[in-house]
Amino acid sequence: MTATGTALTLASINIERSRHLARVEDFLRARSPDVVCLQEVIEEDLPLLCGGPGYAHRFYVPMCRFPEQESPRLSGIAILSRRPFAHV
């Protein structure tokens, strides 16, 4: 519950380093949770996940680099929110 007494919807998704971007984006548009917690998200994918579904507020923490054929990409965790964070 929020301070005003209204419920918040929350989704927690392991995105597996860009493997499920289209599915996650479709899910976010269809379900429209207020807050989304993402694991194994690539920082470069955040604009796609935030912009279309309307998550104006985000917090990202890099966790590790995965060796890949092109170049290693930084993966981490993120919280996306339709409402501003009280403290970061």
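## Salt bridges

The count of salt bridges comes to 2, a salt bridge being a side-chain nitrogen of Lys or Arg within 4 Å of a carboxyl oxygen of Asp or Glu. The model is predicted: local features need pLDDT of at least 70, side-chain atom pairs count only at pLDDT 80 or more, and totals for chains, interfaces and linings use all residues. Residues are numbered from 1 along each chain as its sequence is written, and side-chain values use heavy atoms, with hydrogens and water left out.

E25 is buried at a relative accessible area of 15%, while R29 is partly exposed at 48%. Here buried means under 20% relative accessible area, exposed means over 50%, and partly exposed lies in between, for a 1.4 Å probe and protein chains only.

The other salt bridge links E16 to R19, whose closest N and O atoms are 3.4 Å apart. E16 has a relative accessible area of 31% and is partly exposed; R19, at 53%, counts as exposed. Side chains of opposite charge can pair when their charged atoms come close.

## Nonpolar core

The largest nonpolar core has 16 residues. Such a core is a set of buried Ala, Val, Leu, Ile, Met, Phe, Trp, Tyr and Cys residues joined through side-chain atoms within 4.5 Å. Within this core, L38, V41, L49 and L80 have the most contacts. At least two core residues come from each of strand 1 (10–14), helix 1, strand 2 (35–42), helix 2 (46–51) and strand 4 (73–81).

Leaving aside residues up to four places away in sequence, L38 touches I13, L46, L49, G76, I77, A78 and L80. Contact means heavy atoms within 4.5 Å. In soluble globular proteins, nonpolar side chains tend to be buried together.

## Cysteines

The structure holds 0 disulfides, a disulfide being a pair of cysteine sulfur atoms within 2.5 Å. For C37, the nearest cysteine sulfur is that of C50, 13 Å away. C37 is partly exposed, with 23% relative accessible area.

For C64, the closest cysteine sulfur is in C37, at 18 Å, which is too far for a bond. C64 is also partly exposed, at 32% relative accessibility.

Conventions: Helices (H or I, at least four residues) and strands (E, at least two) are DSSP runs, numbered from the N terminus.
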